[in-house]
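Here is a short briefing to read with the structure open beside you.

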Amino acid sequence: MELYKSYNNYLKQKYGVKTWRLPLARDEECPNRLFGRSGCSFCDGSSFLPDYLTPGDDIDTQLIKGRDFFSARLGVGSFLGYFQSNSNTYGSRMELRADYRKVLEKEFICGLVISTRPDNIDEEIVDIIEQLSVEFDKEVWIELGLQSSDDSTLKLIQRNHTYSDFVNAAALIKKGGIIKLGVHMIIGLPGEEPDRILLSNRRLFTDNVIDGVKYRLLDIVEGTGIYELYRTNPELFYKFDDVTFTSLVCDIIEIMPPETVIMRFANFKSLENVNTSENRVTKGTIIRQVEMELLRRGTSQGCRYKK
């Protein structure tokens, strides 16, 4: 019995071989840090760069270096190009189209994943992505950072978009039936205890067609706005341990559509941050505990889903 629809199983069933995400970065600022904006309060503005890359590497170089690195390390020959850092539908449309094309035209690339924000989605960029997906006959995902469907939370963490903005962007992405939609959600944002988080996720799945979802526990990074909020108002932050986190993840799995792919529900260092009482719990531990808890409950993904 499949307890939940995992991303690894999805990729294996779709491509038949081990497929890996190959992180890519474009030379573009986050739009939420432009025009006097300070960015999301949980973000320190740094962008992830794999050790095998050098700052300034162009996309073609990133693709070759990434392919060689993961092929040698993991024996992977099939890749999804993953524009991971910042908002990858922001900037010159001509340059964006060219960057997407550089990835999709590679023979070792089986698909493309584009991470961005709800307020950087419009009909023109969706049309560009749909056209390229059809031209190359490769699956394309757009991953939207939402974090919470509660507008008061979005305002508190300085997302500078509303839940309505997300709903409109999601509908536009899914309108043509070509692009897959993934969503990023954070567990443990200030003012959000488990019942409120569950309600936020129920709203997400009721209002939208979601193909995949990623969860992570809030990281409270020194130097960020959320760190200062935690330092002055720690009572706003629910303190998860492995038991309460596992229980909430299982609650969310039960209310999401059975066809939605769970792309991630645990960080690599799932509970290693200052707003938890546990600092020795790994991603693997959480995965095992979630599976054991679902078996204990006798439940699985979607058993309590209601549209």
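Helix 3 makes the biggest contribution to the lining of the second largest pocket, supplying 3 residues. Please keep in mind that the model is predicted. The points below begin with that pocket and then move on to other parts of the chain.

**The second largest pocket**
- The second largest pocket holds about 450 Å³ of space.
- Its lining is made up of 21 residues, and A25, R26, D27, D57 and Q62 are the ones nearest the centre.
- Helix 2 (59–74) and helix 3 (93–104) each provide at least two residues of this lining.
- Sorted by class, the lining has 9 charged, 6 polar and 6 nonpolar residues.

**The largest cavity**
- How many cavities of 30 Å³ or more are there? The count comes to 1.
- The largest cavity has about 30 Å³ of space.
- Residues lining the largest cavity include P23, L24, A25 and F48, and Q62, Q84 and S85 are also among them.
- That lining divides into 6 nonpolar and 3 polar residues, with no charged ones.
- A25 and Q62 are worth a look in both places: they line the largest cavity, and they are among the residues nearest the centre of the second largest pocket.

- In soluble globular proteins, nonpolar side chains tend to be buried together.
- The largest nonpolar core has 65 residues, and those touching the most other members are Y100, F166, I187, Y215, I252 and F265.
- Helix 9 (residues 242–255) gives the most to this core, with 7 residues.
- Setting aside residues up to four places away in sequence, Y100 touches F83, N88, T89, L112, I114, I125, I128, I129 and L132.

- S41 sits in the loop between strand 1 (19–24) and helix 2. Its relative accessible area is 7%, so S41 is buried.
- Apart from neighbours within four places in sequence, S41 is in contact with L156, I157, Q158, T224, G225 and I226.
- V290 belongs to helix 10 (residues 283–297) and counts as buried because its relative accessibility is 0%.
- Not counting residues up to four places away in sequence, V290 touches T246, V249, C250, I253 and F265. F265 is also one of the core residues that touch the most other members.
- V290 and K65 lie 225 residues apart in sequence, and their C-alpha atoms are 35 Å apart in space.
- E130 is part of helix 4 (residues 123–136). Is E130 buried or exposed? At 13% relative accessibility it falls under the 20% cut-off, so E130 counts as buried.
- Leaving out neighbours within four places in sequence, E130 is in contact with I173, G176, I178 and I179.

**Aromatic pairs**
- A search of the whole structure turns up 13 aromatic pairs.
- F69 and F70 form an edge-to-face pair, 5.1 Å centre to centre with 85 degrees between the planes. F69 is partly exposed at 30% relative accessibility, whereas F70 is buried at 9%.
- The ring centres of Y230 and F237 are 5.2 Å apart and their planes are at 80 degrees, so this pair is edge-to-face as well.
- Y230 counts as buried at 16% relative accessibility, and F237 is buried with a relative accessible area of 4%.
- Ring pairs also link F69 and F70 with W20 and Y52 into a cluster.

Conventions:
Residues are numbered from 1 along each chain as its sequence is written. This is a predicted model: local features need pLDDT of at least 70, side-chain atom pairs count only at pLDDT 80 or more; totals for chains, interfaces and linings use all residues. Side-chain values use heavy atoms; hydrogens and water are left out. On a 1 Å grid over the protein atoms alone, a cavity is a set of points where a 1.4 Å probe fits but cannot get out, and a pocket is an open set with protein on both sides within 12 Å along at least five of seven lines; lining residues have an atom within 4 Å of a point. Grid points are joined across faces, edges and corners, and a volume is the space filled by probe spheres set on the points. Helices (H or I, at least four residues) and strands (E, at least two) are DSSP runs, numbered from the N terminus. Ala, Val, Leu, Ile, Met, Phe, Trp, Tyr, Cys and Pro count as nonpolar, Asp, Glu, Lys and Arg as charged, and the others, Gly among them, as polar. A nonpolar core is a set of buried Ala, Val, Leu, Ile, Met, Phe, Trp, Tyr and Cys residues joined through side-chain atoms within 4.5 Å. Buried means under 20% relative accessible area, exposed over 50%, partly exposed in between (1.4 Å probe, protein chains only). Contact means heavy atoms within 4.5 Å. Rings of Phe, Tyr and Trp (its six-membered ring) pair if their centres lie within 6.5 Å; planes under 30 degrees apart count as stacked, over 60 as edge-to-face and the rest as tilted.
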